[in-house]
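Thanks for coming. I will show one structure and walk through it in a few steps. Please look at it for a moment before I go on.

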Amino acid sequence: VQLQASGGGLVQAGGSLRLSCEASGGTLSGYSVAWFRQGPGKERDFVAAISWSGGSTSFADSVKGRFTISRDIAKNTVYLQMNSLKPEDTADYYCAADKKMGRKPYEYDYWGQGTLVTVSS
């Protein structure tokens, strides 16, 4: 399955963005999907994940209460809604998919390209 991440951009602190992760060449059905982010010179960190059924979600402590993750099976797409954005949320955001839901990059075999989110103060 190939993943395409989109929706990044420049936003002021306190604003919102919605990222999309669309699959092509296959279906996301049966796959858990996660979002990770990587700032300049930093490691790739877990942000959020959703199980293949959509019944289970997981969030990094730093985004709990501000970000939500959802999936639309019919559109083969997973969304990351980001509210109350902070300058420290600035990073390249990557979506990833695998059969199991995890919080580590090595647990995911399929990756999309990054989409840049920049939050200005």
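Let me begin with a question: which residue forms a salt bridge with Arg37? The partner is Asp89, and the closest N and O atoms are 2.9 Å apart. Before I go further, please keep in mind that this is a predicted model.

Are they buried or exposed? Arg37 counts as buried because its relative accessibility is 12%, and the cut-off for buried is under 20%. Asp89 is buried as well, with a relative accessible area of 1%.

Arg66 is buried, as is Asp89. Through shared partners, the salt bridges join Arg37, Arg66 and Asp89 into one network.

How many salt bridges does a search of the whole structure find? It finds three. Besides the two I have described, there is one between Lys64 and Asp61, with the closest N and O atoms 3.2 Å apart. Here the residues are exposed: Lys64 has a relative accessible area of 51%, and Asp61 has a relative accessibility of 65%.

Now a charged residue without such a partner. Asp98 lies in strand E9, residues 91–98. Asp98 is buried, yet it has no salt bridge. The nearest side chain of opposite charge belongs to Lys99, and it is 8.0 Å away. What does lie by the side chain of Asp98? The backbone nitrogen of Asp109 is 2.8 Å from one of its polar atoms. Leaving out residues up to four places away in sequence, Asp98 touches Tyr31, Ser32, Glu107, Tyr108 and Asp109.

Next, the strands. Four of them form an open sheet in the order E1-E3-E8-E7, with antiparallel pairing. The edge strands are E1 (2–6) and E7 (67–72), each of which pairs on one side only. On average, neighbouring strands of this sheet are turned by 15 degrees against each other, direction ignored. E7 and E8, the latter being residues 77–82, pair in the antiparallel sense over six bridges. Within this region, Ser70 stands opposite Tyr79 in E8.

Leu80 is also in strand E8. Leu80 counts as buried because its relative accessibility is 0%. Its contacts, not counting residues up to four places away in sequence, include Leu17, Leu19, Trp35, Val47, Phe67, Ile69 and Tyr93.

Let me turn to strand E11, residues 115–120. In a regular strand the side chains alternate between the two faces of the sheet. Along E11, Thr115, Val117 and Val119 point to one face and are buried. E11 runs parallel to strand E2 (residues 9–12), and four bridges join them. Val11 stands opposite Val119 in E11. E11 is also joined to E9, here by three bridges and in the antiparallel sense. Ala91 has Val117 as its bridge partner in E11.

Last, two loop residues. Asn76 is not a glycine, but it has a positive phi of about 55 degrees. Asn76 lies in the loop between E7 and E8 and is buried, with a relative accessible area of 15%. Ser84 also has a positive phi, near 50 degrees, and is a residue other than glycine. Ser84 lies in the loop between E8 and E9. At 41% relative accessibility, Ser84 counts as partly exposed.

That is what I wanted to show. I will take questions now.

Conventions. Residues are numbered from 1 along each chain as its sequence is written. This is a predicted model: local features need pLDDT of at least 70, side-chain atom pairs count only at pLDDT 80 or more; totals for chains, interfaces and linings use all residues. Side-chain values use heavy atoms; hydrogens and water are left out. Buried means under 20% relative accessible area, exposed over 50%, partly exposed in between (1.4 Å probe, protein chains only). Lys and Arg count as positive and Asp and Glu as negative; His and the chain ends are not counted. A salt bridge is a side-chain nitrogen of Lys or Arg within 4 Å of a carboxyl oxygen of Asp or Glu. A polar contact is a pair of N or O atoms within 3.5 Å; within protein, one must be able to donate a hydrogen and the other to accept it, and residues adjacent in sequence count only if both atoms are side-chain atoms. Contact means heavy atoms within 4.5 Å. Two strands pair if DSSP finds at least two bridges between them. Axes are lines fitted to C-alpha atoms, for helices over the stretch in contact, and angles run from 0 to 180 degrees between N-to-C directions.
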